[in-house]
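Dear colleague,

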Amino acid sequence: MFLPYGIQQIAGMLANASVVLLLVRNRRFVPLQQALAAVGRTALTNYLFTSVVCQFLFKWGPWKLYGALEYYQQVYVVVCVWAVNIAASVLWLRFFSFGPLEWLWRSLTYWKLQPLFVERTRNILFSQC
């Protein structure tokens, strides 16, 4: 009974993946790809930031919006959180090699402080000393 639905799911997944691959090959969306790559490079920081912000908005804060928003209003929250994640990640990675929590994780993993600044930023900051 559910076999046709499973085939439709696979076909839909392949269609979505094909569209994404065509967009990536097109090279028109390189700025968007770079912005999403920045979010990926600071994924742990963004995950925890998003969790804390949404907990504050929906549970802890003065608004307690859990269950109070319509679906379209939830989409607004998601778009705003993503916009903040993208903007903060792109700006952060202009000066630093990793997100703050990624840097901490790598430093703890290797038992050695990892270089935090991007090389050109380090040269600008420390050449004036």
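A polar contact is taken here as a pair of N or O atoms within 3.5 Å; within protein, one must be able to donate a hydrogen and the other to accept it. The model itself is predicted.

By that definition, Thr42 has two contacts to report. A polar atom of the Thr42 side chain lies 3.0 Å from the backbone oxygen of Ala38, and the side chains of Thr42 and Ser89 are joined by a polar contact of 2.8 Å. Thr42 sits in the loop between helix 2 (30–41) and helix 3 (43–60). With a relative accessible area of 4%, Thr42 is buried. Leaving out residues up to four places away in sequence, Thr42 touches Ser89, Trp92, Leu93, Gly99 and Glu102.

Ser107 belongs to helix 5 (residues 100–110). Ser107 counts as buried because its relative accessibility is 8%, where buried means under 20%. Apart from its neighbours within four places in sequence, Ser107 is in contact with Lys112, Leu113 and Gln114.

Turning to the cysteines, a search of the whole structure finds zero disulfides. A disulfide would require a pair of cysteine sulfur atoms within 2.5 Å. The sulfur of Cys54 is 11 Å from the closest cysteine sulfur, that of Cys80, and is therefore too far away for a bond. Cys80 is likewise in no disulfide. Cys54 is partly exposed, at 23% relative accessibility, and Cys80 is also partly exposed, at 49%.

Yours sincerely

Note on methods
Residues are numbered from 1 along each chain as its sequence is written. This is a predicted model: local features need pLDDT of at least 70, side-chain atom pairs count only at pLDDT 80 or more; totals for chains, interfaces and linings use all residues. Side-chain values use heavy atoms; hydrogens and water are left out. Buried means under 20% relative accessible area, exposed over 50%, partly exposed in between (1.4 Å probe, protein chains only). Helices (H or I, at least four residues) and strands (E, at least two) are DSSP runs, numbered from the N terminus. Contact means heavy atoms within 4.5 Å.
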